[in-house]
Amino acid sequence: MPNDVSRRDFAKLAGLAALGTSSDAAAAKAEERPVTNDILRQFPHDFVWGTATSSYQIEGGAQADGRGPSIWDVFSHAQGNIEDGSNGDVACDHYHRYKDDVRLIKELGCKAYRFSIAWPRLFPDGDGRPNPKGLDFYNRLVDELLANGITPYATLYHWDLPQALQERVGGWRSADTAKAFADYSGYVAEHLTDRVKTVFTVNECGRFIPFGYGLGIDAPGLKLPQAEVNQARHHVALAHGLAVQAIRAKGRAGTRVGMAENITACVPAIDTPENIRAAEIATRELNAGFLNVILEGRYTDAFLAWAGKDAPRFTAEELKTIAAPVDFVGLNIYAPQAYVVASDRAPGFDVLPMPASFPHMSSPWLRIGPETAYWVPRLAAKIWNLKTVYITENGTSSDDQMTPDGKVHDLDRVMYLRNYLGQLQRATAEGVPVKGYFLWSLMDNFEWVFGYRQRFGIYHVDFDTQVRTPKLSASFYRHVIAKNALLV
Ligand code: BGC
């Protein structure tokens, strides 16, 4: 609501005037001070505020306590794959500094933390004999979080596949990896769900399959034909379904399970009813290979027609497994990917070309579209009838520079967060069932192929000294959390 709307107008809008309780004098007094819009910027009282990280990006301790190599160790150590020639051997040394890092989370006022478990720490060979020392690290971390009043949200796969599985069966090219993932998931459920009540199976199938198996940009660096890429994606969907079953079988009662996906983010170019409908269709079709098959239990006709001879091979039984019911859906939201308008051509939408001058953050791929935080959960909840959605990642890189007196004024990140959170608040106010938000990321870390050059943290990390320093955005986020509202 604009600030020049008077309290009386506001009362009228809110239906309060009808109560007839305000005298003219009181109303006149209220007129003197324009109403602020605070009341309209609140998040739901039980909204979960958190931050997110992933194992390979922060842990380091690459050889500590029997951890096996992952595909990212091998990939980052091969020359020419990572822009700054770095790797995750040490990263933020979180493996040894987790207690300090839990304190950073606490200082933000976060009540939740989303981290990932390194599969090769628990199963250095991918399957077979577990490594109890690997599990111990997560026991320590979870206990430390709980002792500090922070609820753990654990992701089982954030891209660090045991190298042994890559070598033995070809990683996600084989359904054997899906079976190994289910065993690993069941093991984690057995040992951690007495304390970890929310588990994400897979993070961003929509990135690690095309980038790792199609484009050769991410580990394991393969450039396979489309049919094999589609098959690998199918194996990940299967792994998710098998893991859901394993977690339900081995986990404690009350364990909730879902996935975290970089959904292809569709936005109606202009929000007419026709374009909104088109954006719904686009959301379903452009996510047909993963989210939709999980949530609907079938590949859409348009997806199968588009894939043609490259379509994945699957059985009805597999589709049933893939569609094992989930308790929530996690959406990673960064850039708008498809501005959509209605079309007469089946299936009913067109994606508009993106102008070269469309604004973006310091990472060129990170286009600025705050409305994505409104439309994406709204459209997803509508088409898949979702009751619980989490924004499992949102954030931005910035060319953060530290001033001589040790400050990082990341005003661009604050701008980004303020705008995205404003749109998210709009969604929650309209009843879109977003239950929590995990800011990416707690601290600067190993940003995959960009190495340490792209910084996504709200804590700055000096990678020479491992000193963490809160950026301006950390103060901003602390303030939002404390008020449970977006105040400007
Ligand atoms: C990933 C993170 C990554 C972030 C920023 C997401 O795609 O899940 O691991 O650091 O985006 O690029």
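**Aromatic rings and their surroundings**

Arg121 lies over the face of Phe137, at 5.9 Å from the ring centre, where a charge sits over a ring if NZ of Lys or CZ of Arg is within 6 Å of the ring centre and within 35 degrees of the ring normal. This is a predicted model, in which local features need pLDDT of at least 70 and side-chain atom pairs count only at pLDDT 80 or more, while totals for chains, interfaces and linings use all residues. Residues are numbered from 1 along each chain as its sequence is written, and side-chain values use heavy atoms, with hydrogens and water left out.

Charge over a ring
- Arg114 lies over the face of Phe200, at 5.2 Å from the ring centre.

Aromatic pairs
- The structure holds 47 aromatic pairs (ring centres of Phe, Tyr and Trp, the last by its six-membered ring, within 6.5 Å; planes under 30 degrees apart are stacked, over 60 edge-to-face and the rest tilted).
- Among them, Trp119 and Phe181 form a tilted pair, with 5.5 Å centre to centre and 55° between the planes.
- This pair links distant parts of the chain, since Trp119 belongs to helix H6 (residues 119-122) and Phe181 to helix H9 (residues 175-192), 62 residues apart; helices are DSSP runs of H or I with at least four residues, numbered from the N terminus.
- Phe137 and Tyr138 form an edge-to-face pair, with 4.9 Å centre to centre and 75° between the planes.

Burial
- Trp119 counts as buried because its relative accessibility is 0%, the term meaning under 20% relative accessible area (1.4 Å probe, protein chains only).
- Phe137 is likewise buried, at 0% relative accessibility.

Aromatic cluster
- One aromatic cluster is formed by Tyr56, Trp72, Phe75, Trp159, Phe446, Trp448, Tyr452 and Phe463.

How values were computed: Helices (H or I, at least four residues) and strands (E, at least two) are DSSP runs, numbered from the N terminus. Buried means under 20% relative accessible area, exposed over 50%, partly exposed in between (1.4 Å probe, protein chains only).
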